[in-house]
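Subject: Structure handover

Hi,

Here is the structure for you to look over. Please open it before you read the notes.

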Amino acid sequence: MGNKLGVYFCDCGTAITDKIDSAKIEAGLAAAGESVHFRRHELLCSEEGKQFLENDLRENGVERAVICACSPRDHEQTFMRCMGKAGCNPYLMQMVNVREQIAWVCEDRDQATAKAMRAVKAAIGRVKLHQPLEKKEIDICVDALIIGGGPAGMRAALTIAESGRKAILVEKEPVLGGMPVRYEDTFPRMECAPCMLEPMMAEILHGEHAEHIEILTMAEVVETVGSYGNFTVTIHQRPRYVDAQKCIGCGECTAPCPAESPNPFNFGMGSKKAMSFPFAGALPNLTFLDESVCLRFAKNEPCKICQEACPVEGAVNFKDAPRTMQRTVGAIILAVGAQLYDCSNLPQLGFGKLPEVYTSAQFERLISSTGPTSGEIKTQAGEVPRSIAIVHCVGSLDSEHKSYCSGVCCQVAFKFNHLIGKRVPEAKIVHYFKELVTPGKEEFELRREAEHSANTTMIRYQQIRDLEVVSEQGRTAIRHKGGIARPVDMVVLCPALIGPEDAAKLCTMLETNVDGAGFLEELHGRMNSAQSKIKGIYLAGTCQAPGDIQKAMNQGMAAAGYVLSGLVPGRKLEISPVRAIVDEERCSGCRVCGSICPYKAINFDTEKKVSRVNEVLCQGCGTCVAACPAGSIWGNHFTNDEIFAEIEGMLK
Amino acid sequence: MSDTNSKPANGTFEPKIIGFLCNWCSYAGADKAGSQQTPQPPNVNVVRVMCSGRIDPQFVLKAFREGADGVIILACHPRDCHYKEGNYRAASRHRMLLQMLKQFGIDEARCRFDYVSAGEGERYIQLISETVESVRSLGPLQLA
């Protein structure tokens, strides 16, 4: 490799030469005293053109090159590869966009040539200052952490495990399956959710690839350190008091347990024992002890009835203690799910005050065979309802509550309509809705069925405040726009899906963002909805946006795909050299850079009192370079001097 | 330094303008304008940076010192920044810069900040045309 500076001019067929006279550029450079090696080619991006460039660079001892052609957004990578093949450092190259930004937009040939001349001079001035840069490679861990054991998290974990890597699945509840596993029937085809999910859960728990999945229930991630390729995560696991290795899931411990509380798995309906399964059939098939209810832990009584009832020695273990563990992973998938909007924010609907007002989640449990009524639709008084009101859009499409449409609640409402029709055929159903949203190739059928049913009435309301649920002479009634109250036996509210409960906490820990709607913010809504804005942290399921099981499964698969394609065993992580570097000798430790870095890529060394850029996280935007008051951050490939030279060249 | 209005008598003044464009939105918008092959004034010479957040106020001062009559900074639209928030930094730095330029006696209209998306070729042409015209009406920048 020599030390010449080459200027390569691409005719681009005639697209460039129609407007720009390359001979004048060559002559102009000579007249300006620039000693450059000038070459023209009719189509530099063609196979023949690339070969020409590579040979010419090599044969003429060219060290640095200016390429006058199309937009660098088209072929910068192409020509950088040519540089590399010719033995040159690919970063000692600067493109001049003479096609899109000059030839195609200038009317006058002289003007275009003059403008190209300025741009070429600017590029020459700049490329002389370019530093040879090298991509860096670092070792990576190809395993992944998945937070949340619902459909999305399970799909992701299983997919990653199937590739032979380790997946660590952290679930804060004692049970896997997320929300849908608590539903008996799912729209649009009335398939039973446990029947769909249980085979997958069995794969995760006992299948061919189960050895690659570490399941940590009743566990939460409390700290993460590091970045893409190398995260160290700290996980805190609450004691279950039941040994997963010994418990056979017979449930003998449950029946004699003397302590009871409202059942959170039935959304407060019915009761559950301190020692119990979350619900019948919950997986993993293990009981757990709720210490906030247990007489032994909550009341300090010497009760050990469950232990005595257990047929396996040592399966119930009162000495179980919280565990803290660390794991190393290369990527993190967030699949923490969503929650329902709190209906008590709409007090006129009576939720929490009137006993016959239910949320959609509660009604799911009422119609589930593992729910508090074993699937029978009954009022609190134990009677079969003759009339049920279903209210759509609760807290949705409303600037005072949530302005978006969750897109799934209408289908849930029409599913209820179908199931009520099956189980209580004589019941009258009235739907109150603001909008009806049922897109999809299968999803309209339930709505059609409801709309054609003689027992179903559809009433559109404008504002949720037009609806009021009251108690009249001991009977629940619903009033629309101040009219006559319609007596009903039950009211089912279908609230908006809202972002996860611990979104803020997670985001603080992982440096990800919560979006305007309260969900975890994706990198791009259309292009990369399974990726967060932090490299190596992916999103799956309803924590990213409201959606159904189909979307959760797909997104779980997508997130796993990012892990599988980004972290490949045996391959190192390639880091672009176009990134910021702190000159630690000059850094005053003011931390301005750290406060503005959009990727939280700048850490502060408290011992040396200097900021330092994490080269994996840095995306090379250069925001910190411009912000550093001491001028002590270097923006590789976009240094101040390089840009100054470019400005000078343009204006000379 | 002061920016005295010294419009040439013959009215043929062609302002020299430096455009600082971010790679992902505004530079792509300028490419889009190019692909449409609609003629545009040739006065704007483009300096590409990865993000508008990289645009150091020194770049703008350097451009004026080297003889630019105007500067245009184009960023991604709010919420569209490829790097999340560099465009907001660019916007606030521009506000600060205008204060400084005023102290140097440089008319605010010589330093424009705006937003162009990757698809907005027409908007790019409109913005640079407006800037060329407004700088032209101010005449050459004369720094004392």
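The notes below cover confidence, overall build and backbone details.

This is a predicted model, in which local features need pLDDT of at least 70, side-chain atom pairs count only at pLDDT 80 or more, and totals for chains, interfaces and linings use all residues. Residues are numbered from 1 along each chain as its sequence is written, while chains are lettered from A and ligands numbered from 1 in the order in which they are written.

Confidence
The model scores ipTM 0.94 and pTM 0.79. Chain B has a mean pLDDT of 92 (pLDDT is the predictor's confidence in each residue, from 0 to 100). In chain B, 92% of the residues reach 70 or more. Residues 1-7 of chain B stay under 50. For that stretch the model has 19 contacts beyond four places in sequence (a contact means two C-beta atoms, placed from the backbone, within 7 Å).

Chain A overall
Chain A holds 17 helices and 36 strands (DSSP runs numbered from the N terminus: helices are H or I, at least four residues; strands are E, at least two). Its radius of gyration is 32 Å, well over the 26 Å that the globule rule gives for 652 residues, so chain A is more spread out than a compact globule. That radius is taken over C-alpha atoms, and the rule is 2.2 Å times the number of residues to the power 0.38. Along the principal axes, the C-alpha atoms of chain A fill a box of roughly 100 × 60 × 45 Å. Of the 652 residues in chain A, 49% are buried (20 or more other C-beta atoms within 10 Å of the residue's own; exposed is 12 or fewer, partly exposed is in between; C-beta atoms are placed from the backbone). Among chain A contacts with a separation of 6 or more, 71% link residues 24 or more positions apart.

Cis peptide bonds
A:Phe187 and A:Pro188 are joined by a cis peptide bond, omega about 0°. A:Pro188 sits in the loop between strands S8 (185-186) and S9 (191-192) of chain A. The bond from A:Leu283 to A:Pro284 is also cis, with omega near 0°. A:Pro284 lies in the loop between strands S15 (275-276) and S16 (288-289) of chain A.

Positive phi
A:Ser374 is not a glycine, yet its phi is positive, about 55°. Its loop runs between helix H10 (360-366) and strand S21 (387-394) of chain A. A:Ser374 is exposed, with 12 other C-beta atoms within 10 Å. B:Lys84, also not a glycine, has a positive phi near 75°. B:Lys84 is in the loop between strand S3 (70-75) and helix H3 (86-103) of chain B. B:Lys84 counts as buried, with 22 C-beta neighbours inside 10 Å.

Best regards
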